[in-house]
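Biologist: Could you take a close look at one part for me, the way the helices pack against each other? I'd like the whole story in one go, please.

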Amino acid sequence: MKKALITGITGQDGSYLAELLLSKGYKVFGLKRRTATPSFENISHLLDNIELISGDLLDLASLIEAIRISQPDEIYNLAAQSFVTDSWSQSAYTGHASALGVTNMLEAIRITNPNIRFYQASSSEMFGKVLEIPQIETTPFYPRSPYAVSKVYGHWITVNYRESYGLFACSGILFNHESPRRGYDFVTRKVTDAVAKIKLGLQKELFLGNLDAKRDWGYAGDYVKAMWLMLQQNKPDDFVIATGETRSVKELVEVAFSHVGLDWTKYVVQDPKLMRPAEVDLLLGNPKKAEEKLGWKPEVSFDELIKMMVESDLEKIKAKKYIK
Ligand code: NAP
Ligand code: F7E
């Protein structure tokens, strides 16, 4: 039986990846950092089938211990301070977790068992102020936030450990991917949650920042398949994972509100406080290499994704409030 260790298992991607690996017969371990009031919302349905190990990316010894306990064939490093906005207010912390945390995990592998295959969760945010449209694996990086800068470090340290020590280390450059398990801070979930609350009479307005920013949005359930595929190849490599389509925040808002028969212009208020110090205006990925080498393709369309999220939020809120 193959064994995998997932860092960030309580997050959006960690929960979908754990489901995928369990369905493939893996024994799944998850690194769980200590928090005062832990949130198991995304993985509560999996808790009987996975094993959680206490540890933190900032603590090398805890990573070595997690590897000793789990003896994994594969490690998926999904843990990070992943919210771009907060990376300006917690710049150094973001660097510790999302940049040096990667070195800690790679060092833990190098010290304990260099045969472990490693996946690093890199990000389209690294392209930032894009130097090429669409973005591919060789597009130069121009990060625009402390988060993106830390991810550039995480990407290159992964490449460096592959080249320095021959580790089977892959960097997945994933464009935005969303789902009903997305954190409430991110714009898709903020919008779908608000649409559901407005529809049910529980909220009146939705405050947003930049409506013109464009993102290549896909479905998280599709994207975790690409992570797994990368670690099943004969050679380690880096891949862009994207849909090849881009939409503005305004288009996202239109699709979400119109799904419940509402006119978004009556509810959305632009708030200058929600504008970022430096914005990423346009992301559009070309997943051709992943299609050709991994046989990967996105399956859920943008409209299907947003409708799925609105429906899920309607159900969740009704269940909490006992609304029919
Ligand atoms: P997420 O929902 O924010 O989950 C982040 C996870 O990291 C949580 O489980 C969190 O644990 C854990 N974590 C944070 N700091 C940690 C630390 N110091 N030690 C151990 N665990 C820690 O993120 P996601 O959307 O699933 O994304 C997964 C990864 O892909 C992240 O690295 C993100 O930066 C990257 N990425 C995401 C996207 C996207 O569109 N979703 C695109 C490209 C790349 P708690 O539950 O304790 O907070
Ligand atoms: O913002 C604009 C905002 O926070 C998307 C992370 O998973 O994907 C994510 O990063 C866009 C930006 O995601 C609001 O200015 C407008 O242009 O949902 P977001 P992100 O910053 O693209 C990448 C690939 C990652 O790697 C990250 O970990 O939406 N926007 N108004 C807003 N964004 C938020 N959050 N809230 C607003 O009110």
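Modeller: Helices themselves are DSSP runs (H or I, at least four residues), numbered from the N terminus. Bear in mind that this is a predicted model, where local features need pLDDT of at least 70, side-chain atom pairs count only at pLDDT 80 or more, and totals for chains, interfaces and linings use all residues. Residues are numbered from 1 along each chain as its sequence is written, and side-chain values use heavy atoms, with hydrogens and water left out.

Start with helix 1 (residues 12–23) and helix 7 (residues 220–230): their axes are 9 Å apart and the packing angle is about 65°. Their crossing is right-handed, meaning that the near helix is turned clockwise from the far one by less than a right angle. Helix 1 brings Q12, D13, Y16, L17, L20 and L21 to the contact, and helix 7 answers with A220, G221, V224, K225, M227 and W228; contact here means heavy atoms within 4.5 Å. Sorted by type, that's eight nonpolar, two polar and two charged residues. In this scheme Ala, Val, Leu, Ile, Met, Phe, Trp, Tyr, Cys and Pro are nonpolar, Asp, Glu, Lys and Arg are charged, and the others, Gly among them, are polar.

Next come helix 4 (residues 91–112) and helix 5 (residues 146–165), whose axes come within 8 Å and cross at roughly 15°. That pair is therefore roughly parallel, the word for angles under 35 degrees. Helix 4 and helix 5 also make a right-handed crossing. Among the residues in contact are G95, A99 and L106 of helix 4, plus Y153, G154 and Y161 of helix 5.

Last up, helix 8 (residues 249–259) packs on helix 10 (residues 302–321) at about 50°, with axes 9 Å apart. Helix 8 passes helix 10 in a right-handed crossing. On the helix 8 side you'll find L252, V255, A256 and H259, which meet F302, D303, I306, K307, V310 and E311 of helix 10. Six of the residues in this contact are nonpolar, one is polar and three are charged.

Definitions and conventions: Chains are lettered from A and ligands numbered from 1 in the order in which they are written. Axes are lines fitted to C-alpha atoms, for helices over the stretch in contact, and angles run from 0 to 180 degrees between N-to-C directions. Helices (H or I, at least four residues) and strands (E, at least two) are DSSP runs, numbered from the N terminus. Angles under 35 degrees count as roughly parallel, over 145 as roughly antiparallel, 65 to 115 as roughly perpendicular and the rest as oblique.
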